[in-house]
Amino acid sequence: MNDTSVKVTPGQLLTPSQTTGLEIVSFLHKGRDVVLAIDMTESVGLNDEGRIRLHQIVADSLKSGDLVYVVPFAKDVVLGEVALGVNPLGTPIIFTSKSQQNIDKILQKIAFTSDPSRYGTDIQRAELSIYQAIAQINQNRLLKNQPIKPQSIIWITDAPLFTQSGITSKVWIETPADSPFRIANSPESQQRQAWIQALPLHRRSLPIKTNNNQVYNLTVVDVAPTAQEFCTPAPGGQQTCLVNPYLIKQLWLPGLISLFIFVAFVFGFIKFFHIQKKWELIVDFEAEDSEEDQRCRLPNNKRIAIGHGEHDASCVDSINCLGAEVRAYLERKGEKIYLVPTNSAPIYYNGRIITSRTAIANSRFRINCPDPRNREYEIAIQVKK
């Protein structure tokens with residue numbers, strides 16, 4: 001079913017996951033289909049209020065990337081240049097930006113005055129033509145593996161919308177006498193009803209009074225991004241469908257990127273948690289048999305003094321050793337810990353004298369703070385992260 005010239009028909013009911021997938025596809029790509037469906041009969045004369053409302057829609061609600069179709073209708077739907085199966089509503093106007101030039105380009109396509117030569121609005125014919133056309137547009141995108149779009153139809157008419165099949169003169173007198181839509185079970189009536197049921201339609205209406213005190217409605221019908229699913233049995237106990245393969249082609253790359261972002265977020269959160277966690281230092285004064293182990297807490301970007309650093313405001317704790325000075329600092333930076341000597345007295349790390357900032361590689365290490373007579377004062381430290 002790769003031939004976009006085949007006229008689409010209502011398909012099978014979509015699953016919730018397919019509906020969500022199609023919404024994600026449309027969300028990832030900008031633009032909508034917007035149809036301005038305008039009743040051209042004399043009973044709908046766009047007065048000043050109607051012009052203001054239409055100008056509002058064009059100037060304020062259209063977004064960059066929208067495709068705009070201006071579709072006049074009366075007894076028949078009047079289309080511009082139509083390529084069969086490609087542009088069933090005529091060639092759209094591409095709304096590239098909210099510039100006055102773009103706004104005027106659309107407004108110039110709208111006939112703000114009614115046409116006295118047109119009469120007998122066949123509203124159900126217009127509904128069938130437009131709903132089937134917008135379904136065809138999205139189905140063509142699906143078959144070409146292009147992103148589908150949300151769609152909106154702005155109806156400007158005094159004719160009633162969404163009426164029951166077999167519209168009578170009591171419901172709407174203007175329906176032409178020879179219209180097949182006067183017959184409830186005609187193929188055309190059944191097709192219209194099928195599309196109204198198949199498409200996810202949401203409507204809002206606003207009544208507007210004409211200069212002759214007649215009333216017509218400006219009705220916006222929003223259609224959520226959707227496509228028609230057809231699953232067909234295939235040889236080998238298999239079946240072939242349209243929507244799921246389309247979603248896989250459209251979403252595998254964004255899904256992979258999202259997975260990478262999620263994994264990076266998880267690892268980032270874990271790293272952040274580890275960085276924010278206070279480390280515990282267990283200090284064993286081996287030179288003092290009677291001395292109990294000291295336990296210190298070391299947050300990120302903080303330091304502990306080795307020596308008499310009780311009055312050092314930059315330290316969170318201190319580890320006592322021989323002498324009255326601070327010999328060095330144990331400084332934490334993220335996942336690393338450093339021994340930073342003050343060079344006021346010698347200090348040894350794993351048997352080597354330290355004279356400059358030195359990274360500590362192991363979670364267990366030894367430092368030595370000898371006195372002026374070179375008597376050793378060894379301290380064993382264990383870091384628990």
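User: What makes Cys231 and Cys241 a disulfide?

Analyst: Good place to start! In this predicted model, the sulfur atoms of Cys231 and Cys241 are 2.1 Å apart. The cut-off for a disulfide is within 2.5 Å, so the pair qualifies. A search of the whole structure finds one disulfide.

User: Why is the disulfide of Cys231 and Cys241 called right-handed?

Analyst: Look at the torsion about the S-S bond: it is about 120°, so the disulfide is right-handed.

User: Which parts does the pair tie together?

Analyst: Cys231 sits in the loop between strand E6 (215-223) and strand E7 (232-234). Cys241 sits in the loop between strand E8 (238-240) and helix H6 (243-276). The pair therefore ties together parts that are ten residues apart in sequence.

User: How do you know whether Cys241 is buried or exposed?

Analyst: Set its value against the cut-off. Cys241 has a relative accessible area of 17%, and buried means under 20%, so Cys241 is buried. Cys231 has 22%, which lies between the 20% and 50% limits, so Cys231 is partly exposed.

User: Which residues touch the most other members of the largest nonpolar core?

Analyst: They are Leu89, Tyr131, Ile153 and Trp155, in a core of 29 residues. Helix H4 (123-143) is among the elements that give two or more residues to this core, and H4 gives the most, with nine. Leaving aside neighbours within four places in sequence, Ile153 is in contact with residues including Val35, Ala37, Tyr131 and Val221.

User: Why is helix H2 called oblique to helix H3?

Analyst: The axes of H2 (residues 48-61) and H3 (residues 100-107) cross at roughly 140° and come within 10 Å. Roughly antiparallel would need an angle over 145 degrees, and roughly perpendicular runs from 65 to 115, so H2 is oblique to H3. H2 passes H3 in a right-handed crossing.

User: What makes the contact between H2 and H3?

Analyst: On H2 it is His55, Val58 and Ala59, and on H3 it is Ile103, Ile106 and Leu107.

Terms used: Residues numbered from 1 in each chain as written. Predicted model: local features only at pLDDT ≥ 70, side-chain atom pairs only at ≥ 80, totals over all residues. Heavy atoms only, no water. Helix = DSSP H or I, 4+ residues; strand = E, 2+ residues; numbered from the N terminus. Buried < 20%, exposed > 50% of the residue type's maximum accessible area, 1.4 Å probe, protein only. Core = buried A, V, L, I, M, F, W, Y, C linked by side-chain atoms within 4.5 Å. Contact = heavy atoms within 4.5 Å. Axes fitted to C-alpha atoms, helices over the stretch in contact; angles between N-to-C directions. Parallel < 35°, antiparallel > 145°, perpendicular 65-115°, else oblique. Left-handed = near helix turned anticlockwise from the far one by under 90°.
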